[in-house]
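Please look over the sequence and the model shown here before reading on. The paragraphs below are meant to be read with both in view.

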Amino acid sequence: MGLGVGIFLAAVGAVLAFAVTDNVSGVNIHTVGWILLIVGIIGVVLSMIFWSSWAGPGYWSRRRGPYDEASPPPPGY
């Protein structure tokens, strides 16, 4: 589940849990809304955790260019 799907599920769940006042026989709309809201929030949190761990810790601080930072860049760069 991606970030967009998690946000979508959380939004639909919040609407069902807080804004819908109708009753359906055999289904509790508020419970379904709470379940979707919780699943969406968990999906967003897990997506953010795995998204930040793809490159590994310190990836951007370790990355160096093709030249030393003290010297000027090569011509045409």
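What follows goes from the chain as a whole to its helices and then to particular residues.

The model is a predicted one, and its confidence deserves attention before any detail is read from it. The mean pLDDT of the protein chain is 81, with 69% of its residues at 70 or more. Confidence is highest in helix H1, residues 3-19, where the mean is 93, and lowest in helix H3, residues 59-62, where the mean is 56.

The secondary structure of the protein chain consists of 3 helices and 0 strands, and from the N terminus on the elements follow the order α-α-α. Of the 77 residues in the chain, 14% are buried, while the chain exposes about 6100 Å², of which carbon and sulfur atoms supply 69%.

Within H1, the residues Gly6, Leu9, Ala10, Gly13 and Ala17 are buried. Viewed down the helix axis, the buried residues of H1 fall within an arc of 100°, and therefore they line one face of the helix. An α-helix has 3.6 residues a turn, so residues three or four places apart point the same way. On the other side of H1, Gly4, Phe8 and Ala19 are exposed.

An aromatic contact leads from this helix to the next. The structure holds 1 aromatic pair, formed by Phe18 and Trp34, whose ring centres are 5.3 Å apart and whose planes stand at 80°; because an angle over 60 degrees counts as edge-to-face, the pair is edge-to-face. Since Phe18 lies in helix H1 and Trp34 in helix H2, the pair ties together parts that are 16 residues apart in sequence. The two partners can also be described by their accessibility: Phe18 is exposed, with a relative accessible area of 56%, whereas Trp34, at 42%, counts as partly exposed.

Helix H2, residues 29-52, also contains Ser47. Is Ser47 buried or exposed? Its relative accessibility is 16%, and because buried means under 20%, Ser47 counts as buried. Leaving aside neighbours within four places in sequence, Ser47 is in contact with Met1, Gly2 and Leu3.

Technical notes: Residues numbered from 1 in each chain as written. Predicted model: local features only at pLDDT ≥ 70, side-chain atom pairs only at ≥ 80, totals over all residues. Heavy atoms only, no water. pLDDT = per-residue confidence, 0-100. Helix = DSSP H or I, 4+ residues; strand = E, 2+ residues; numbered from the N terminus. Buried < 20%, exposed > 50% of the residue type's maximum accessible area, 1.4 Å probe, protein only. Contact = heavy atoms within 4.5 Å. Phe/Tyr/Trp six-rings, centres within 6.5 Å; stacked < 30°, edge-to-face > 60°. Arc of directions from axis to C-beta. Areas by Shrake-Rupley, 256 points an atom, 1.4 Å probe, with all protein chains shown as cover.
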